[in-house]
Amino acid sequence: MEFYSKLLQKLISIQYELNSYISTTIRSLNDENSLSTSLLILGIAFTYGLIHAAGPGHGKALVALYFTSNKSSYKKAFKMGYMIAVIHALSALIFTFGIFFILKTMFRQNFNDFSQIAMQISAVMIVAVGLYLIYEAYMGRKYKDKKMKKSKKSEIAVAFSAGVVPCPGVMTVVLFCIVLNQHLLGILSAVAMSIGMGLTISIAGILSIALNKKSGNFLSDKGYILEIFGALLILTLGLFLLFASLK
Amino acid sequence: MKKLLVFLLFTISLFAHPHTFIEVHPTIKVVDGAIKTIHFKWKLDEMTSTILIMELDKNADGKIDKKESAYIRDNYFIILKDYSYYTHIKVKGKLIKFPTPKKFIATIENHKICYSFSLDEKYIAKDTIFEFGDTDFYTAMILKKEFVEISGAKAKVSGVDNDFYYGYRLEIK
């Protein structure tokens, strides 16, 4: 794990640099340099999201597990990443603006509690998705032709549970922009960051499909066993996260 | 087996990734091989600071006065005791309890909230190692060589991986 931890530490120090660069740049924004500076900020926000999601968490495990247990194409993994990005950007914006304007000064006091609760909600959702996928795999074991339709539904379920709980990192950027009266830039930054994160998550999905392809098709008749196994792992992951967040 | 591998690879550190960055600026005075004074200044990242200032600078004068500083100490700083103030002190390789920080004061510098505090303990310099990191990984502690101000000895800064957190190590030679 030596390499993995070195990588993580490097990722953290890059995020630290990007984070301070974004804040200084947003603060220096004025009428004369607004367009080019805004574009620069969005570019950095994208990179920030890309790297931020490369750290642990952010639904990569969920997406990876889903694709290791379901036959799928790279295109689908890519689509999944972006579905998550869209859901994530929307939820981050709704949550941040909502909480900011409703609670205003109470925001920060609740911010940490909120992150904790958000984590619990997402863990419960992952458990629910796991249960749903088990049910679906079991019921669908004899109906191969219906597979396409049902697979779409479960993909949305996975994307929803991975994306619906906003990342505090994105919320912080949005909130920072709101405080500095750069509302539009805040919205665009959340979108840019979410796209970056979506790309990283897509890559996790693509990697797990690649791994899956290598393991062959020997289970093609009894594919549902594999699906149930994957769903069980997702369920375990959800329970694991739930206990971790309750501690 | 492969699935187990993927599972482990992606979940090892759970939801952990930093959202707050804190620069650690230590000032250390060493006399005759003993640490005489240790002073820490934490600089919170600008984004977190901006959000905190919104709430904590109650009279919104852009400064943190005595009352506001005491409020921050009681409500934001002291609770970090549970996390050993993200600072892990090892004496002769053994982790010791973090002493109660003294002379806490919060200020705003360049849009950043700064926490300053001192430790009263007298450590033998060569036996003592400071490690900075959040075991929960929510906060990233950043230590760079140029942040350290030291007299009477030399400081060495390196990265450290303690299985459950990544951080920086400060050794005094």
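Predicted model: local features only at pLDDT ≥ 70, side-chain atom pairs only at ≥ 80, totals over all residues.

Author: Residues are numbered from 1 along each chain as its sequence is written, chains are lettered from A and ligands numbered from 1 in the order in which they are written, and side-chain values use heavy atoms, with hydrogens and water left out.

Reader: Which elements make up chain A, and what percentage of its residues count as buried?

Author: Helices and strands are DSSP runs, numbered from the N terminus (helices: H or I, at least four residues; strands: E, at least two). Chain A comes to 9 helices and 0 strands. Buried means under 20% relative accessible area, exposed means over 50%, and partly exposed is in between (1.4 Å probe, protein chains only). Of the 247 residues in chain A, 52% count as buried. Take helix α3 (residues 60-69) of chain A: 10 of its 10 residues are buried, so it is largely enclosed by the rest of the structure. Among them are L62(A), Y66(A) and F67(A).

Reader: How do I read aromatic pairs, and how many are there over all chains?

Author: A pair of aromatic rings is described by the distance of the centres and the angle of the planes. Rings of Phe, Tyr and Trp (its six-membered ring) pair if their centres lie within 6.5 Å; planes under 30 degrees apart count as stacked, over 60 as edge-to-face and the rest as tilted. A search of the whole structure finds 17 such pairs over all chains. One of them joins F78(A) and Y82(A), tilted, with 5.3 Å centre to centre and 50 degrees between the planes.

Reader: Where do F78(A) and Y82(A) sit in chain A?

Author: An α-helix has 3.6 residues a turn, so residues three or four places apart point the same way. F78(A) and Y82(A) are 4 residues apart in helix α4 (residues 74-103) of chain A, which puts about one helical turn between them. F78(A) is partly exposed at 41% relative accessible area, and Y82(A) is partly exposed at 25%. Over in chain B, Y85(B) and F98(B) form a tilted pair too, at 5.1 Å centre to centre with 35 degrees between the planes. That pair links distant parts of the chain, 13 residues apart: Y85(B) is in the loop between α3 (66-77) and β3 (87-91), F98(B) in the loop between β4 (94-96) and β5 (102-109). Both Y85(B) and F98(B) are buried.

Reader: In what order do the strands of the open sheet in chain B run?

Author: Two strands pair if DSSP finds at least two bridges between them. Here 5 strands form an open sheet in the order β4-β3-β7-β11-β10, with antiparallel pairing. In chain B, β4 and β10 (155-161) stand at the edges with a single partner strand each, so one side of each has no neighbour in the sheet. β10(B) pairs with β11 (residues 166-172) of chain B over 7 bridges, in the antiparallel sense. In that strand β11(B), Y168(B) stands opposite G159(B).
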